[in-house]
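Thank you all for coming. I would like to walk you through one structure today, taking it slowly for anyone who has not looked at it before.

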Amino acid sequence: MSSITTPTSSGGNAALAGALNGVDERYHPAAGMRKQFNKVFPTHWSFMLGEIALYSFIILLLSGTYLALFFDPSMAEVTYDGSYDALRGLHMTRAYESTLDISFEVRGGLFVRQVHHWAALLFMAAMVAHMLRTFFTGAFRKPREANWVIGVLLLFIGTFAGFTGYSLPDDLLSGVGLRIASGITLTVPVIGTWTHWALFGGEFPGTEIIPRLYIVHVLLIPGILLALIAVHVGLVWYQKHTQFPGAGRTEKNVVGVRILPAFAAKGGAFFAVTVGVTGLMGGLLQINPVWNLGPYNPSQISAGSQPDWYMLFSEGMGRIFPPWEIYLGDYTIPAAFWATAAFLPVLFVIAGAYPWIERRFTKDTALHNLLQRPRDTPVRTSLGAMAVTTYVWLVLCSINDWIALFFNVSLNATTWAGRIGLLILPPIAYWVTYRICLGLQKGDRAVLEHGIETGIIKRLPHGEFIEVHQPLAGVDAHGHPIPLAYQGAPVPKRMNQLGMGGQPVPGSLLTPDPREETLALEKARHDGAAAEEAQRHGTRELAGTPKDVED
């Protein structure tokens with residue numbers, strides 16, 4: 001009887017180590033990979049906004065690939081004979097019929113459709129939130145201007161991804177949106193009619209636009225987005241991540257956790273959470289029920305037609321813009337051109353050029369790796385508040401017909417209210433935000449100079465009542481608080497933020513661990529972290545926190 005031997009785990013590890021050693025002897029990847037694996041990333045919660053956008057894009061790619069297996073982007077007319085009784089026997093395009101088939105007959109089709117739509121909205125929302133964080137904290141400053149421009153391009157192309165995506169089903173709502181885009185294209189002076197003819201292959205709607213949008217949506221735009229995201233993430237990796245001011249943080253280092261294993265594990269868990277939340281939304285929250293709208297018919301329009309949230313502001317501008325037309329010889333430039341076709345590109349160009357505009361006024365040409373608190377840059381923060389106010393107001397203007405209907409007011413009155421509000425509300429938002437920023441700065445400096453309010457009222461010998469303050473840096477020889485300089489970091493405002501109440505100690509539910517054991521454990525952890533850091537970097541010792549620091 002012959003015996004069969006199997007490789008042991010140690011033998012398998014030795015073989016793997018030998019193979020990897022052979023690769024390193026030939027191509028020398030170990031040194032470079034070791035440096036990259038030691039990359040340090042900050043751990044502030046606001047940095048997760050960009051991760052949500054990245055993970056939503058991955059969900060879009062996966063769900064879109066599944067939907068592409070069953071969707072037919074043909075505008076050939078067919079008679080519906082599917083499982084949805086309300087539409088059976090109606091004439092429609094093959095694109096709309098295949099959308100109904102995905103919703104009712106493909107296993108998991110409706111779930112994937114809704115996940116795809118929710119992920120698209122989440123992708124845009126996360127990008128907007130991420131860019132607002134970047135704007136208000138000054139993360140776009142030198143040397144990261146290129147990454148800011150890439151972010152603006154991602155947002156701009158994302159709007160076209162959303163437009164091409166919700167135009168594909170060829171239902172009544174998407175057809176109305178496509179008709180609006182057709183009208184906007186025709187408003188462009190000189191080249192508008194030629195561009196419209198090239199896009200639609202003739203008069204609207206034609207028979208070519210859905211197949212063309214399909215190629216743009218599933219091939220061209222995802223490829224561009226994927227390339228821009230790769231460059232964006234690569235620049236973040238190469239230039240190192242920005243960080244908020246704090247203990248041990250300078251313009252020349254990064255304090256946080258290493259990419260392996262802590263950051264990678266946290267990122268993987270957060271990706272799973274994003275997938276789970278998007279899945280719950282796709283399974284529980286209905287969105288875009290195209291079967292209730294019916295196929296697109298140029299002679300019909302659905303009531304309350306509005307685009308997705310990220311394009312509502314352009315709808316609002318189109319509704320309240322005055323009917324100003326310009327006549328240049330034989331050419332007429334209608335009002336819709338200024339409200340939409342010119343408004344959106346100019347808006348994105350100004351957003352992309354903002355780093356250079358701010359530098360022109362501030363004369364700030366230094367390299368920056370530390371972020372700023374919004375209160376410390378009142379002008380920039382006030383401009384951002386003014387922009388957000390403009391967006392919110394234009395969103396309200398985009399539903400002025402609903403406001404007029406439900407509140408029984410004149411549609412003309414809501415239109416004029418939108419115009420007047422657009423002129424006066426943003427400046428008011430600027431002034432209020434500016435004053436709030438100055439007040440917050442004054443409050444921070446008062447705490448650094450006098451200390452934290454304790455809530456204890458004391459009566460002086462001459463009868464005056466004062467509140468006792470807890471100095472942050474002690475008192476001088478005369479008993480006066482020692483003032484501290486403001487360094488851009490958050491300032492404690494309450495006593496419990498100083499740890500006056502103590503920190504929780506390890507132990508069971510009712511009984512804490514012995515104090516000597518707790519102190520010994522903390523000392524061992526600190527000494528171990530310091531020894532590891534000293535061994536890794538030679539002469540530098542880890543001071544303060546056990547977090548990683550990268551020069």
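Predicted model: local features only at pLDDT ≥ 70, side-chain atom pairs only at ≥ 80, totals over all residues.

Let me begin with the second largest pocket, which holds about 1300 Å³ of space. Of the 40 residues that line this pocket, those closest to its centre are Leu347, Ala351, Leu383, Ala387 and Val388. The elements that each give two or more residues to the lining are α5 (109-137), α6 (145-167), α11 (312-320), α13 (343-362) and α14 (378-397), and α14 supplies the largest share, with 11 residues. If we sort the lining of this pocket by class, we find 30 nonpolar residues, 6 polar ones and 4 charged ones.

The largest cavity has a volume of about 80 Å³, and α13 contributes the largest share of its lining, namely 4 residues. Which classes of residue make up the lining of this largest cavity? There are 6 charged residues, 2 nonpolar and 1 polar, and among the lining residues are Arg141, Lys142, Glu145, Glu358, Arg359 and Asp364. The second largest cavity, at about 30 Å³, has a lining of 3 nonpolar, 4 polar and 3 charged residues, and that lining includes Arg141, Lys142, Thr242 and His368.

Let me return to α14, this time as a packing partner. The axes of α14 and helix α16, which covers residues 411-450, come within 8 Å and cross at roughly 150°. Since angles over 145 degrees count as roughly antiparallel, α14 is therefore roughly antiparallel to α16. The crossing of α14 past α16 is right-handed, and their contact has 18 nonpolar and 8 polar residues, with no charged ones.

A further helix pair is α3, residues 48-68, and α10, residues 259-284, which pack at an angle of about 60° with their axes 10 Å apart. These two helices, α3 and α10, are therefore oblique to each other, and α3 passes α10 in a right-handed crossing.

Finally, the hairpin. Strand β7, residues 452-459, pairs with strand β8, residues 465-470, in the antiparallel sense over 5 bridges, and within this pairing Ile457 stands opposite Glu467 in β8. There are 5 residues between the two strands of the hairpin, where Gly463 takes a positive phi near 100°.

Notes: Residues numbered from 1 in each chain as written. Heavy atoms only, no water. Pairing = 2+ DSSP bridges. 1 Å grid on protein atoms, 1.4 Å probe; cavity = no way out; pocket = protein on both sides within 12 Å on 5 of 7 lines; lining within 4 Å. Points joined across faces, edges and corners; volume = space filled by probe spheres on them. Nonpolar A, V, L, I, M, F, W, Y, C, P; charged D, E, K, R; others polar. Axes fitted to C-alpha atoms, helices over the stretch in contact; angles between N-to-C directions. Parallel < 35°, antiparallel > 145°, perpendicular 65-115°, else oblique. Left-handed = near helix turned anticlockwise from the far one by under 90°.
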